[in-house]
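Please read the points below with the sequence and the model open side by side.

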Amino acid sequence: MRGNIQDTAQVRAPRLRQVLLVVLAVLALQLGSLISPAYACGCGAMVLDRQSHMSVDRETSVVGWDGRTEQILMRFTVDGDAPKAAWIMPVPNRATVELGDNALFDELETVIAPEHRTRHYFWPRGDDWPFSSDSRDSAGAQAPGKGAPEVGVVGRERLGDFDVARLTATDPGALRGWLEQNGFELPDGLTAELKPYVAQKWEYVAVRLAPEAEGSVLRGTLDPLRLRFASDRLIYPMRLSRLARTPQSLGLFVLAPHRMEPRSPIGGDAPEVTYAGKVRPSGVIDSFTGGSGGETFLTALDQEFPEPRRIDGDHELRAAAKDTPFRRVVYDDELLTAGGFPVWLLTVGGGLAVPAAVALLGLRARRRRPVVPPPAIHVPPPIA
């Protein structure tokens, strides 16, 4: 008996050490994420101070392009304890920045909502009688010239919770000074990822996120920002998402003259079209597209990036071969009924009722058949 107890203790000791190692590893990962100075999101990079943490739970963007001008409306939903953050986005030309309208997202979601169709089935399923006794429903910019300063502030304004600075930069390391002046530190990884944009003489939109209310933190859905810049190609900057440490998800509403598609998956899963079709802009959609009132084509795209480090460039979207419309269809399955009764019950019940009725009618016929009396027996008279 004692030997069995010792053997059990020897088995438990290594298991206990393994459990402790796993717990310590998880804690180390969590602590590492809390002090991480940068968080890559869909089309830019978040930079925090080392005492704060913030996660971008969701990023939704609307992209409009008419062949000459591109605009991007983006909205962040964030969580954490950061009282301030910096967001940096590269743009190919000089950009203007203003607050956007939240109503645009709601209107576009309504447009792309799937079509619901009813699909009937014959035989009862698990939630239908007689399998279930519960009858309740179970559904429940311009390039800087030679000799220009490494960083030039070409515009600065206060927009709600945002302190927006539009910058030019000839050296990605030159952004470090602006960030340090605003209490941030430029991560080395971000410096390296900005080099391709500097080589192409892109500019940057640098936004300081700081709530107007003293003592507040950045949390919840922030006001959307609207960027507009000249571009003869529809480009959605994604390269900085290589810095993300967790899988990334991209959702785009694209308003353009034709159905649009990415030239390549740029290191992610194949993009999925969730809606494609012509729309006649009205209200906020018309305002976003320039107020012409003419038809435009809306393409909604979803894409997953399981391994962000594989992202090898920016999304460039081009016109698809055809403006083929597409809309998702959701089927609502319902039991086939007639007059409130399940058809299967009427059919099966009727099938059983036919032979029963035949037998019953036969029985009744037999009962109603007249009884023929037996022939009379002739008795001869007695002989006298």
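**Notes on strand β17 and its surroundings**

1. Strands β14 and β17 pair in the antiparallel sense over nine bridges, where pairing requires that DSSP finds at least two bridges between two strands. Within this pairing, Leu255 has Leu298 of β17 as its bridge partner. Strands here are DSSP runs (E, at least two residues), numbered from the N terminus.

2. This is a predicted model, in which local features need pLDDT of at least 70 and side-chain atom pairs count only at pLDDT 80 or more, while totals for chains, interfaces and linings use all residues. Residues are numbered from 1 along each chain as its sequence is written, and side-chain values use heavy atoms, with hydrogens and water left out.

3. Strand β14 (residues 248–256) is mostly covered, seven of its nine residues being buried, that is, under 20% relative accessible area, with exposed meaning over 50% and partly exposed in between (1.4 Å probe, protein chains only).

4. Asp302 belongs to strand β17 (residues 296–305), and it counts as partly exposed because its relative accessibility is 34%.

5. Glu307 is placed in the loop between β17 and β18 (315–319) and counts as partly exposed, at 34% relative accessibility. Although Glu307 and Arg245 are 62 residues apart in sequence, their C-alpha atoms are 8.3 Å apart in space.

6. Gly268, in the loop between β15 (260–262) and β16 (272–279), counts as buried because its relative accessibility is 18%. The C-alpha atoms of Gly268 and Phe305 are separated by 4.4 Å, with the two residues 37 apart along the chain.

Definitions and conventions
Helices (H or I, at least four residues) and strands (E, at least two) are DSSP runs, numbered from the N terminus.
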